[in-house]
Amino acid sequence: MSSWSSGRRPITIAILAMGGEGGGVLADWIVAVGENAGYHSQNTSVAGVAQRTGATVYYVELYPGGRSQGDDVRREPVLSLFPTPGEVDIVIASELMEAGRAIQRGFSTPDRTTLIASTNRVYSMDEKLALGDGRVDSNTLLEAAHAGAKHFIGADFMELALAARSVISASLFGALAGSGALPFDRTGFEDAIRASGKGVDASLAAFAAGYDAAQRPAPLPLPAAPTPASGGPVAVTIGLSRPVDPAEEAATAAEKRREEQAVRDPGALVGAALQHAAARVTADFPAPARSMLLHGVVRTAVYQDTRYTDAYLDRVARFAAVERPDGPARLTTEAARHIALWMCYQDTIQVAQQKIRRRRLDGVRTEAKAAPGQLLNVREYLHPQVEEIADTLPTALGRWVAGSAWFGKAVGRLTRNGMIVNTTGIIGFTMLWAMAMFRPLRPRSLRFGREQAAIDAWLDQALAAAAIDYDLACEIVECQRVLKGYGATHQHGTESFAILLAEAAALAGRPDAAATLVRLRDAALADEDGSALQQARAELASGAPVPELSPVA
Amino acid sequence: MAERSFAHEVRKLRTGAGDTLSGEGILAVTKALLQSGVAYVGGYQGAPISHLMDVLGDAHEILEELGVYFENSASEATAAAMLAASVNYPLRGAVTFKSTVGTNVASDALANLSSGGVRGGALVIVGEDYGEGSSIMQERSHAFAMKSQMWLLDPRPNIEAIVNAVEAGFELSEASSTPVMLQLRLRSCHLYGSFTAKDNVRPPMTVKDAVENPSRQLDRIVLPPASFLHEKEKIEDRWPAAVEYITSHGLNEVLGAGTSDVGIIVQGGVYNTLNRAMELLGVSDAYGNTQVPTYVMNVTYPVVDAEILDFVADKRAVLLLEEGQPDYIEQNLNAILRRAGSDVALHGKDLLPVAGEYTATVVTQALHAFLSKYLPGTVAERPALLLPHSDPGSPFAPRVEASVVRTRPPGLCTGCPERPIFSALKLAEKETGKKHHVSADIGCHLFAINEPFNLGATTMGYGLGSAGAAALNSKDADRRTVAVMGDGGFWHNGLTSGVGNAVFNQSDQLLLVVDNAYSAATGGQDVLSSRADSALRSTKHPIEKAVRGIGVTWARTVTNTYKIGELKDLFVKALTTKEPGPKVIVAQSECQLNKQRREKPQRAKAIKEGKRVVKERFGVDADTCTGDHACIRVSGCPSLSIKANPDPMRTDPVATVLDSCVGCGVCGANAHAASLCPSFYRSDLVFNPTWRDRTLAWLRARWIGALSLGVERRADRFEPAEVN
């Protein structure tokens with residue numbers, strides 16, 4: 001008999017989605033197409049009633065022909081309620097990690113499956129929680145999608161759906177039609193959408209975009225990143241995940257062009273008032289570090305003034321002086337990055353300036369999908385603390401304010417529940433504008449003095465390390481990464497930073513100093529209460545090697 | 001009601017004789033009830049049978065036309081007790097609830113119902129939530145059928161078979177004076193298919209007729225000596241009558257008789273999976289033409305001894321597929337075979353997993369092992385799933401690094417009003433510097449046990465959040481215990497089992513009642529405290545009034561949970577007050593899922609009609625965000641995510657608000673209450689602005705334009721023409 005292997009079997013389709021994404025609607029559409037084409041169609045799901053955002057599987061079987069004509073046991077074909085590993089013809093995944101899950105569970109296999117997956121990421125909770133970068137490597141998922149399917153159709157179907165003001169189920173349905181994996185013509189699919197009667201035009205537009213996207217090749221995984229020791233230019237990566245979508249690929253390409261331009265025509269990368277600084281970058285710094293330096297030049301000038309930029313270049317120059325010749329200039333590049341970031345610390349003046357910039361308000365309009373000319377109000381949720389206000393004031397005044405119980409109470413009452421400021425209103429904008437106008441006074445503020453001293457101490461330690469251990473110096477510079485957030489989060493970062501520098505001093509001279517510091521820093525970024533760092537230090541003190549941090553538990 | 005209409009499904013319930021009805025299993029059951037002349041229906045919602053209750057709730061016109069009584073029972077116990085109407089009167093009644101949690105609640109009533117037996121057909125439709133996707137502990141309904149001696153139907157996952165099972169269930173119940181349980185597995189409830197309908201039938205006797213003609217039989221009441229008599233009746237009369245009906249109506253099926261000297265015995269609910277496994281091994285086809293004799297138990301309790309002995313008579317060995325544990329059927333079959341002196345080899349849990357869902361994979365593996373031993377010649381195919389995982393042809397060959405595929409458990413929706421409650425509780429714990437034992441309950445609020453809240457240590461059952469904290473009550477402790485309950489659980493039993501108990505025993509606990517206006521986790525059904533008007537039910541009974549009514553003195557109601565700062569202060573007060581007795585906080589805000597379902601179309605309509613509408617959403621300034629993700633750790637909203645840092649100097653991803661944001665305000669309130677960071681903003685997009693809006697906007701644009709001139713000019717001197 002052996003009818004299964006000889007092809008008398010249903011077409012099997014598994015949909016892996018998250019609750020609330022419309023996976024059920026997609027399954028219903030597929031059933032409708034199948035039924036209209038004379039296929040016996042069945043679908044099942046285990047969707048909890050309102051349990052949103054959890055991973056869910058919908059399963060459809062389409063059996064060609066209808067009821068039994070002969071003398072069979074059953075009049076209707078007996079269809080399964082589960083996808084069977086190794087026997088699924090089509091897998092549709094609403095997101096890249098769900099495609100990975102389909103492969104892991106054996107639903108998508110290289111001998112059989114057409115895998116249609118959206119390449120966008122919907123980050124899982126533990127990827128989002130990390131203090132640093134907890135994202136998994138999208139490139140690994142993309143590699144798996146290519147390896148785990150007979151035919152892989154990949155595109156950012158979420159983006160296509162949003163562009164059509166529809167939902168991802170519609171663009172994925174279009175991709176299913178466009179894949180040719182089902183023996184039905186396009187109008188059959190579109191009829192199913194029309195028959196459902198809800199948001200038909202938007203759904204059809206998203207369907208068409210998905211259909212077209214299915215004709216294009218899926219994005220390829222990037223080749224493995226070259227090892228940094230190989231010399232040559234530093235591979236540009238965004239975060240820890242190598243880019244997979246066109247937008248990120250374009251950003252990478254733009255960054256590469258910029259690096260070339262930083263060498264060829266650095267003046268074009270800064271404004272008119274910074275040409276002297278650009279010239280200095282060319283004269284005094286290694287080529288691979290120049291793009292980053294020019295970013296820092298602009299940033300420090302906008303943040304404070306050109307004198308501040310000069311101070312910035314002086315600081316980085318100390319690293320350029322000890323740079324390894326003809327290499328990727330990692331130390332100088334990272335110093336250029338982290339010194340600029342620290343020097344442009346986020347105080348109330350800086351936040352106010354960021355909030356009132358024209359391009360920022362334009363960005364908000366784009367994000368809110370405001371039509372040209374459409375009215376849009378922007379309200380900030382601000383919660384300045386007494387210490388933050390005291391920090392911004394000139395040193396003497398700041399000291400007095402910080403110590404004044406009366407002022408603390410008065411401001412505390414004002415800001416206890418936070419304030420909502422309408423940046424698009426006259427009062428709100430003027431307030432923020434006035435705050436930003438405090439900029440010239442910043443160098444006389446309490447915090448400014450404190451930050452500069454801390455920066456110099458950090459740089460002195462890094463330079464001292466550079467004399468004996470180049471890699472350790474790089475890692476000390478990168479420890480600035482833990483200085484982030486505001487209020488309590490920033491306080492925690494400052495404490496972690498102090499611990500890391502103390503450990504770095506103790507590690508200097510050990511062959512594994514740099515690697516150990518990296519692990520300690522990762523531990524510092526793993527949680528907010530510092531327990532991971534504490535544990536890592538305890539293990540270090542006991543002589544055990546600090547284990548590499550496993551993915552966030 | 002859930003602000004969601006089931007009008008489409010209701011229309012299908014009017015399908016007449018000979019027409020085809022397509023839909024989910026649960027809709028088919030609803031239609032089958034009306035075709036069977038049911039006189040009354042009740043039940044308690046819960047996955048996977050919520051849909052049945054919702055459809056009936058919206059079908060009141062049809063029900064009234066037919067004279068069918070319907071109610072949303074207060075609990076499964078209420079629903080089961082409702083079947084008492086079939087004890088004295090020839091009324092067909094059906095109740096439905098989720099199993100096994102509902103069956104546990106109902107078991108007192110079910111036991112009494114089964115003892116006295118029924119005159120009218122009594123059907124208990126249980127939606128069994130076992131296996132992948134389940135949200136409850138894994139138990140079998142089978143145990144309840146056995147202990148109370150109710151017959152258990154487990155039909156094949158096929159719409160027509162399920163419809164037939166409803167009709168057969170009523171008849172079997174009447175033929176044997178015994179209530180019948182119809183077990184619908186999770187996937188069968190959501191199974192889509194079609195069947196040929198019959199006309200709806202008006203019950204020959206309605207509830208009205210019964211009320212107007214009261215009748216009683218003393219020997220049906222569960223009190224000695226009648227209860228001793230019932231025990232005898234069950235065995236001597238009702239069991240043989242059931243066996244007679246099952247056998248004569250062929251409820252169980254024998255397929256492929258005589259084709260071989262080995263066989264398979266399978267629960268009806270697992271039949272489709274078995275046939276798929278047989279197809280994969282080349283011993284059956286899509287129309288079930290099996291080469292291995294198969295006995296399909298569409299009735300899994302009672303087991304019909306004679307049918308089993310008949311089936312095994314010409315066999316060397318049989319394989320039993322019985323999902324779940326304990327292995328009640330396998331034990332039963334062993335007893336039957338031993339008693340009859342049969343030497344047939346019975347395999348079951350020795351070849352299959354003892355526990356867990358019987359997926360196509362495990363069934364295929366077991367069947368392959370069984371057939372390879374007894375009928376090695378028949379296995380024609382070797383599907384890839386039988387290959388060892390190390391074989392590159394195996395579907396399980398490692399093709400993706402395990403660490404990049406993370407778990408993704410369900411969580412609170414975007415805009416959920418329960419998120420700010422747990423944010424506030426987390427912040428209150430930070431402020432008081434004390435962690436508390438949190439006793440959780442069943443409902444969406446249970447998701448607070450996961451990241452990022454990590455609140456909740458146990459969940460003892462629906463409405464038992466407070467009771468679950470009963471023992472952890474100490475006069476000498478420096479803090480009190482926190483208990484959580486939803487409005488659904490509160491009315492289900494929590495008012496008495498929890499609040500009443502805490503008052504009576506002078507518990508010091510803080511009870512948080514999450515009141516989102518519906519029994520939301522089950523699909524948004526109304527409860528007593530629902531704030532919407534209902535034509536059919538009495539609503540708007542405040543929870544605070546109820547707890548004060550049974551003696552709570554410290555009770556506060558918060559009507560806007562999104563005010564995190566105020567809620568946090570209230571938590572601190574409740575955790576530190578010296579007042580004795582339970583402290584109750586009722587935290588009210590409407591379930592966002594239901595609210596959006598109602599308001600989204602209204603808003604779209606208003607915009608279309610030219611009315612002024614403001615659409616709010618939140619955003620994060622990537623420049624101001626430093627990428628520490630503290631906001632995510634205090635919220636966990638699905639719309640609050642991360643994205644690659646657009647700043648080329650910084651490497652860590654920044655927070656971002658996705659388009660799915662509904663503008664609930666939690667981000668902003670958290671930024672304030674937790675003193676997070678100044679990155680959050682709310683954008684208010686105005687549709688159809690008034691002249692006042694436009695004038696103000698014109699003025700503002702001039703003023704802002706003038707002030708920013710200097711700012712932008714200064715920046716232009718430093719920034720390149722095109723900002724990277």
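A:Val378 stands opposite B:Ser683, which sits in strand β24 of chain B. The pairing around these two residues joins strand β7 of chain A, residues 376–382, to β24 of chain B, residues 680–687. The two strands run antiparallel, and five bridges hold the count. As a reminder, strands of a sheet pair through backbone hydrogen bonds, either parallel or antiparallel. Please keep in mind that this is a predicted model.

Now the rest of the interface. How many residues does each chain put into the contact? Chain B gives 139 residues and chain A gives 155 residues. The size of an interface is often given as the accessible area lost when the parts come together. Here chain A and chain B bury about 12600 Å² between them, and 56% of that is on carbon and sulfur atoms. On the chain B side, the residues that lose the most area to chain A are B:Tyr287, B:Arg408 and B:Met649; together they make up 8% of what that side buries.

Next, the polar part. Between chain B and chain A there are 20 salt bridges. One of them is between the side chains of B:Asp652 and A:Lys484, with an N to O distance of 2.7 Å. The count of residue pairs in polar contact between chain B and chain A, both residues at pLDDT 80 or more, is 67. Which element supplies the largest share of the side of chain B that touches chain A? That is helix α24 of chain B, residues 691–718, with 15 residues. By residue class, the side of chain B that touches chain A divides into 65 nonpolar, 38 polar and 36 charged residues.

For salt bridges over all chains, a search of the whole structure finds 78. An example within chain A is A:Arg101 with A:Glu98, where the closest N and O atoms are 2.8 Å apart. Both residues lie in helix α2 of chain A, residues 96–104, and they are three residues apart, about one turn of the helix.

I will finish with two sheets in chain B.

One is an open sheet of five strands with mixed pairing, in the order β9-β11-β10-β13-β14. Its edge strands are β9, residues 253–255, and β14, residues 345–347, each of which pairs on one side only. Ignoring direction, neighbouring strands in this sheet are turned by 20° against each other on average. Strand β9 of chain B is joined to β11, residues 294–297, by three bridges, and these two run antiparallel. Within that pair, B:Leu255 has B:Thr294 in β11 as its bridge partner. Helix α15 of chain B, residues 328–339, lies across β10, β11, β13 and β14, running at about 175° to β14.

The other is an open sheet of six strands, in the order β16-β15-β17-β18-β20-β19 of chain B, and its pairing is parallel. At the edges are β16, residues 458–459, and β19, residues 554–558, each pairing on one side only. Two bridges join β15, residues 438–440, to β16 in parallel, and B:Ala440 has B:Thr459 as its bridge partner in β16. Helix α17 of chain B, residues 418–432, packs on this sheet and touches β17, β18 and β20; its direction makes about 160° with that of β18. Helix α18 of chain B, residues 487–504, also packs on the sheet, touching β17 and β18, with a direction at about 135° to that of β17.

Methods: Residues numbered from 1 in each chain as written. Chains lettered and ligands numbered in written order. Predicted model: local features only at pLDDT ≥ 70, side-chain atom pairs only at ≥ 80, totals over all residues. Heavy atoms only, no water. Contact = heavy atoms within 4.5 Å. Buried area = accessible area lost by both parts, 1.4 Å probe. Salt bridge = Lys/Arg side-chain N within 4 Å of Asp/Glu carboxyl O. Polar contact = N/O pair within 3.5 Å; in protein donor to acceptor, adjacent residues only side chain to side chain. Helix = DSSP H or I, 4+ residues; strand = E, 2+ residues; numbered from the N terminus. Nonpolar A, V, L, I, M, F, W, Y, C, P; charged D, E, K, R; others polar. Pairing = 2+ DSSP bridges. Axes fitted to C-alpha atoms, helices over the stretch in contact; angles between N-to-C directions.
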